[in-house]
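User: I am new to this structure and would like to learn how to read its features. Could you take me through some of them in turn?

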Amino acid sequence: MSKPVYKRVLLKLSGETLKDGDNPISPDIVHEMALSIKEIVDLGVEVALVIGGGNIFRGLAASRKGMDRATADYMGMLATCINALALQDGLESLGVPTRVQSAIAMQSICEPYIRRKAVRHFEKGRVVIFAAGTGSPFFSTDTTAALRAVEAECEVVLKATKVDGIYDKDPKKHADAVKFSHISYGECLQRRLQVMDSTAFALCMENKLPIIVFDFFEKGSLRRIIGGDASHATTVGQ
Ligand code: GTP
């Protein structure tokens with residue numbers, strides 16, 4: 001097996017992926033995710049995790065239906081905390097040490113977000129799960145991922161999706177959709193490709209932080225990317 005090409009990565013997971021039918025958090029899926037993450041932790045890669053909350057509550061969707069946007073976003077942030085604890089449990093049941101750090105103080109449940117403490121956790125081989133988004137409404141968990149990755153000096157944002165990369169048009173609707181193996185930040189903007197929301201994308205671009213979009217559930221996909229093979233994914237960079 002090839003050696004890891006990254007020392008520290010931020011893995012952005014979607015909350016939706018935890019869902020199985022009516023069950024917002026499937027223990028089997030959590031277990032499967034934890035196994036994939038353990039595989040790269042065992043290689044010595046330092047891993048930061050950000051997970052969305054869409055399996056439980058979507059702030060933006062609720063605000064479109066009339067709920068106050070800030071309140072809806074706070075509810076969404078709480079949903080990410082529930083998912084973070086599920087992932088913590090899944091990882092620790094496999095013996096992977098973790099710490100959850102929340103951007104909203106909830107000290108009976110987890111640590112508060114402290115950048116320098118997070119960095120120490122990485123150095124000690126702990127997976128740090130960043131919960132509660134940025135702690136402020138009007139930001140997405142993609143933005144949280146980009147922000148925490150920049151703050152913690154991660155080398156790459158690995159955006160796990162259900163699709164194996166970025167296409168020129170929706171591959172579910174167009175049979176002739178073409179996948180990019182690499183695309184520049186500029187071309188993404190020019191083609192209006194929604195890799196991440198604009199705030200998250202701008203943070204990555206300004207800080208020259210590469211993004212890799214990949215299908216998390218394709219067997220061995222995370223491991224391959226860590227080994228430097230992103231041929232099954234799309235890389236976004238300069
Ligand atoms: P080191 O000092 O590097 O060894 O880190 P550590 O996380 O092991 O030490 P610490 O004494 O800070 O934490 C011990 C345990 O308490 C860990 O499981 C932390 O996640 C947890 N912990 C630390 N701070 C808080 C907090 O504010 N709230 C909650 N709920 N748990 C905390």
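**Reading a predicted model**

Analyst: Phe 138 sits in the loop between strand 5 and helix 5. Bear in mind throughout that this is a predicted model.

User: What is phi of Phe 138, and is the residue buried or exposed?

Analyst: Phi of Phe 138 is positive, about 75 degrees, although the residue is not a glycine. For burial, the cut-offs are under 20% relative accessible area for buried and over 50% for exposed. Phe 138 has 52% relative accessibility and therefore counts as exposed.

User: Which residue follows helix 7 with a positive phi?

Analyst: That residue is Lys 208, with phi near 50 degrees. Lys 208 is a residue other than glycine, and its place is in the loop between helix 7 and strand 10. At 53% relative accessibility, Lys 208 is exposed.

User: How do I read the sides of a helix? Which residues of helix 7 are buried?

Analyst: Start with the list of buried residues, then look at their directions around the axis. In helix 7 (residues 198-206), the buried residues are Ala 200, Phe 201, Leu 203 and Cys 204. These residues are on the same side of helix 7 because they cover an arc of only 160 degrees around the axis. Ser 198 and Glu 206, on the other side of helix 7, are exposed.

User: What covers the buried residues of helix 7?

Analyst: The cover includes helix 5 (141-151), helix 6 (185-190), strand 6 (156-161), strand 10 (211-215) and strand 11 (234-237).

User: Which residues of helix 4 are buried, and what do they pack against?

Analyst: The buried residues of helix 4 are Ala 118, Val 119, His 121 and Phe 122. Seen down the helix axis, they fall within an arc of 155 degrees, so they line one face of helix 4. They pack against strand 1 (8-13), strand 2 (46-51), strand 3 (98-102), strand 4 and strand 5 (127-131). Gly 125, which follows helix 4, has a positive phi near 80 degrees.

User: How do I read the surroundings of the ligand? Which residues surround the ligand?

Analyst: List the shell, then sort it by residue type. The ligand is surrounded by Arg 99, Gln 107, Ser 108, Ile 109, Cys 110, Glu 111, Pro 112, Lys 117, His 121, Lys 124 and Arg 126. Three of the shell residues are nonpolar, three are polar and five are charged.

User: Which atoms of the protein lie 2.6 Å and 3.0 Å from a nitrogen atom of the ligand?

Analyst: A backbone N or O atom of Gln 107 is at 2.6 Å from a ligand nitrogen, and a backbone N or O atom of Cys 110 is at 3.0 Å from a ligand nitrogen. From the side chain of Arg 126, an N or O atom is 3.1 Å from an oxygen atom of the ligand.

User: How much of the ligand does the protein cover?

Analyst: On its own the ligand has 620 Å² of accessible area, of which the protein covers 53%. Strand 4 (111-112) and helix 4 (115-123) are the elements that give two or more residues to the shell.

Technical notes:
Residues numbered from 1 in each chain as written. Predicted model: local features only at pLDDT ≥ 70, side-chain atom pairs only at ≥ 80, totals over all residues. Heavy atoms only, no water. Near = heavy atom within 4 Å. Polar contact = N/O pair within 3.5 Å; in protein donor to acceptor, adjacent residues only side chain to side chain. Areas by Shrake-Rupley, 256 points an atom, 1.4 Å probe, with all protein chains shown as cover. Helix = DSSP H or I, 4+ residues; strand = E, 2+ residues; numbered from the N terminus. Nonpolar A, V, L, I, M, F, W, Y, C, P; charged D, E, K, R; others polar. Buried < 20%, exposed > 50% of the residue type's maximum accessible area, 1.4 Å probe, protein only. Arc of directions from axis to C-beta. Contact = heavy atoms within 4.5 Å.
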